[in-house]
Amino acid sequence: MDIKNIGVILAGGRGERFCNNVPKQFVKLNGRHVIDYVLDIFIASDCFDKIVVVIPSFDYKYIFDNYKDIDLVIGGNTRNYTVANAINYIKQNFPSCKNVIFHDSARPFINKKILIDHLSLLNQYDSVITTKKITDSLGSITQSQIPREDYFLIQTPESFKFEVLNKHFNPEDNSKTAIVQHLPLNDKVYKYFIEEYNLKITYLQDLFIGESLIKFSPFVKHNFNLKDKNVFVFGGTGGIGKALISKLESQNFYVFPIKKSDLDLSRVDFKDWERLFSDNFPDVIINVTGKYYNDSDGILEHYKDIMDVNLKANISLLDYLLKFDNKNKKINVVLISSSSASKGRENLTVYSASKVALQSIVESLSDKLSKKNIFVNIISPEKINTPLISKLHGKNFIAEELLTVDEVVDAILNYTDCNNFGEIIKIRKGFIKN
Ligand code: CTP
Ligand code: MG
């Protein structure tokens, strides 16, 4: 096969500013190497006939043991020499190469669309660079006013017609940090502006920003159709549950509102779930039950009450589903957390802790469940305008910031028919972009 499109991942740096023995691209970000995120997207994009990774030394070869068909090349002392080594490797091994896309291994938030767009733009341009508008002020000591609009940030991916790059690239020129700066000034360079946060891990703190970004799942609108599906709703007596059930019933869906007298979540076990789901297959399971006590009612006194309902009942449900013979029929599970999981809330100590733990069990089990066609997600709303609001938060809220019950109901329903899983969807006022 002719190798035409090559993806090069630059992983030859040692990360001086990151100050760690292990180069930043090989440290773990939410349990995986930073570079794994890049490799996954490179592979999934289907853009490349060949992927080349440039590494500092073969000591790091083991990181790539699980990837097939990836070529490893040793980098240079500067980023420019790393790029030069990749160019030489391509020249020697893949003379048929037409297009090459370079990406920093330290930028794990690349997505498929950017790669696909770059590759297709190379049909018309010599080079496509990823650019970003400057949002801070731009300054100079010698010039009083610098027009910010004339400048932009250059990130990666940077993409090139291989022939053009090969002709102009000079690794000895250290004044150039972006690869594109080696090309003569002309209009054959396409500036591909992005708004996404294409974080480059540079300092140690960036790793923690990255961890938060990976956990952030934006609210996505799904087309859901619950016709002929059995929808089980737990917690139908509260504000959200009630509204949810009446919305579903008004659209004539099959709703099974499960009351405490049907099944007591504070002491539910395997057999109870078996009994409940033996007659009707659960296509959708929504649990909005939430037990809370204010700290003033006693913190430890109600620990068990809260944890049994908010946490253990959900663990019991997911454990049951792991063993449930669903014959690979799809099931969607939507659970409900709270923004108090991001920051433990004063006066709701155990409640907040139960929600953090609930999110954690979704992260731990949802992968395994997805392999059985069971998709679990969790909605994490900010404070909601329910009759309970002052009981939960005293006067500690700003009315305009409160979500309406309807908004939260809509968010929950949006995840009743999707193939996403393990997502913690943070809902804030104004979360739906029109
Ligand atoms: N890079 C490379 N070869 C080098 C230097 C950098 O392949 N000799 C790669 C890095 O691995 C990184 C990307 O280029 O993915 C962006 O460079 P940078 O953020 O500067 O990484 P480092 O050079 O490793 O970090 P530092 O400048 O702090 O030493
Ligand atoms: Mg560097």
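1. Strand β10 (residues 230-234) pairs with strand β12 (residues 284-287) in the parallel sense over 4 bridges, and within this pairing F232 stands opposite I285. Pairing is assigned where DSSP finds at least two bridges between two strands, while strands (E, at least two residues) and helices (H or I, at least four) are DSSP runs numbered from the N terminus. This is a predicted model, in which local features need pLDDT of at least 70 and side-chain atom pairs count only at pLDDT 80 or more, whereas totals for chains, interfaces and linings use all residues. Residues are numbered from 1 along each chain as its sequence is written, chains are lettered from A and ligands numbered from 1 in the order in which they are written, and side-chain values use heavy atoms, with hydrogens and water left out.

2. β10 also pairs with strand β11 (residues 254-258), again in the parallel sense, over 5 bridges, and here V233 stands opposite P257. Together with helix α6 (residues 239-250), β10 and β11 make a right-handed β-α-β unit, right-handed meaning that, with the strands pointing away from the viewer, the path from the first strand over the helix to the second runs clockwise.

3. In a regular strand the side chains alternate between the two faces of the sheet. In β10 both faces are covered, with N230, F232 and F234 buried on one side and V231 and V233 on the other; buried means under 20% relative accessible area, exposed over 50%, and partly exposed in between (1.4 Å probe, protein chains only). Because 5 of the 5 residues of β10 are buried, the strand is largely enclosed by the rest of the structure.

4. S217, in the loop between α5 (204-215) and β10, is buried at a relative accessible area of 10%. Leaving aside residues up to four places away in sequence, S217 touches E423, I424, I425 and K426, contact being heavy atoms within 4.5 Å.

5. Some backbone details deserve a look. The peptide bond from T156 to P157 is cis, with omega near 10°, and P157 is found in strand β8 (residues 153-161). D69, in the loop between β4 (50-55) and β5 (70-74), has a positive phi near 60° although it is not glycine, and D69 is exposed, with a relative accessible area of 65%. N347 likewise has a positive phi, near 75°; N347 lies in the loop between β13 (331-336) and α9 (349-370) and counts as partly exposed at 34% relative accessibility.
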